[in-house]
Amino acid sequence: ESRTTYINGEVVGKLETYGFSAQIDHDFDGFTLTSITAYRDYDEYQNIDADFTDLTLNGHRILNQTYDTFTQEIRLASTTDNPVQWLVGGYYFNQDLRATNSTQQGALLRPFADAFTGGAISLLEAAFSLPAGTFLAEGSGQVLGAFDQTNETYGLFGQVDWSVNDKLTLTAGLRYTHDSKTMVSDITINDPFAALDFVQIFIAQAVAGGVPLAVAEQLSTNPDTNPYLGLGALQFFPPAGNVSGDQSDGALTGTLKVSYDVS
C-alpha cells in the first residue's frame, strides 16, 4: 500500500479544553460540610479537505463542537465517636453539547460524476427538464447541520452506618436520581440529486413503457434490472428532518449491607 493521500484544500484543526474544580471542607460541632464544584469546557474546530484527493470534489467541511459540563456536590457527614455514623448529600450535573457541521460539494464533483456515470447525470436533468448543472452543483450539500443536546441530572442520597460492636456493622442507604435530556436539531440540505428516488423513477418509466405495475415494482429493487440504483453512491446528502425531543426518568435505589470483620 502506498499509504498516500492527497489534499488540495485547507486543513485546520483547533482544540481547546480547560477545567477547574474547588473543594471546601468546613467542620461544625459533630459533622463536616463538604462542597465540591467543577467545570469543564471543550471546544473543537475543524476545516478539512474531506474528499482526500487532489480534485475539488468537496468544497469544504467545517465542524464546530462545544461541550460544557458543570457539577456540584454537597455532603454533610458526621464526625462524632458515636456507634451511629451518617452522611447525607446532593449532587447536580449539567452538560450542554453543541455541534454544527457544514459540508458542501466542490466545483469538480459534477463533471467528475457525469463522466464516471457515462453522462447519466446530464440525462436525468434532461428527463426532468432541469437546467444543466442542477445536480451535484458546486456549493450544494449539507448547508447546515446544528445539534444541541442538554443533559441535567440531580441526586439526593443518605447513608447510616451502625457499629453494633467492634466487628459487626450494619449499613443502610437510599438515593433518588432524576435524569432529563433534551435535543433539537436544525438541518438545512440543498442536494436535489440526493432527493431522487431511483426506485420510483424506474417504476414510473417502466409503467409508461407498458410494463405491468407489479412487474415494474419487482424489477425496481434489483440492480441488474434497475441501472439507476448504482447512482445511489453519489447521493451524499439525502433529505433529513429536524429532531426535537426530550425524555426524563427518575429512580429510587437503596442498599443494605452487613459487614463483619473476622480479624
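This is a predicted model: local features need pLDDT of at least 70, side-chain atom pairs count only at pLDDT 80 or more; totals for chains, interfaces and linings use all residues.
Biologist: Which residues have the most contacts inside the largest nonpolar core?
Modeller: Ile121, Leu124, Phe193, Leu196, Phe198, Tyr228 and Leu231. The core has 18 residues. A nonpolar core here is a set of buried Ala, Val, Leu, Ile, Met, Phe, Trp, Tyr and Cys residues joined through side-chain atoms within 4.5 Å. Buried means under 20% relative accessible area, exposed over 50%, partly exposed in between, with a 1.4 Å probe and protein chains only.

Biologist: Which helices each supply at least two residues of this core?
Modeller: Helix H1 (109–116), helix H2 (120–127) and helix H3 (198–208). H3 gives the most, with five residues. Helices (H or I, at least four residues) and strands (E, at least two) are DSSP runs, numbered from the N terminus.

Biologist: At what angle do H1 and H2 pack?
Modeller: About 100°, with their axes 6 Å apart. Axes are lines fitted to C-alpha atoms, for helices over the stretch in contact, and angles run from 0 to 180 degrees between N-to-C directions. That makes H1 roughly perpendicular to H2. The bands: under 35 degrees is roughly parallel, over 145 roughly antiparallel, 65 to 115 roughly perpendicular, the rest oblique.

Biologist: Which residues meet there?
Modeller: From H1, Arg110, Ala113 and Asp114. From H2, Ala120, Ile121, Ser122 and Glu125.

Biologist: Switching to strands. How many bridges join E4 to E5?
Modeller: 20, between E4 (residues 84–105) and E5 (residues 141–163), running antiparallel. Two strands pair if DSSP finds at least two bridges between them. Thr103 has Gln142 in E5 as its bridge partner.

Biologist: And what joins E5 to E6?
Modeller: A hairpin, through four residues. E5 pairs with E6 (residues 168–190) in the antiparallel sense over 22 bridges. Gly158 sits opposite Leu174 in E6.

Biologist: How many bridges for E3 and E4?
Modeller: 19, again in the antiparallel sense. A hairpin through five residues joins E3 to E4. Thr71 stands opposite Phe93 in E4.

Key
Residues are numbered from 1 along each chain as its sequence is written. Side-chain values use heavy atoms; hydrogens and water are left out. Contact means heavy atoms within 4.5 Å.
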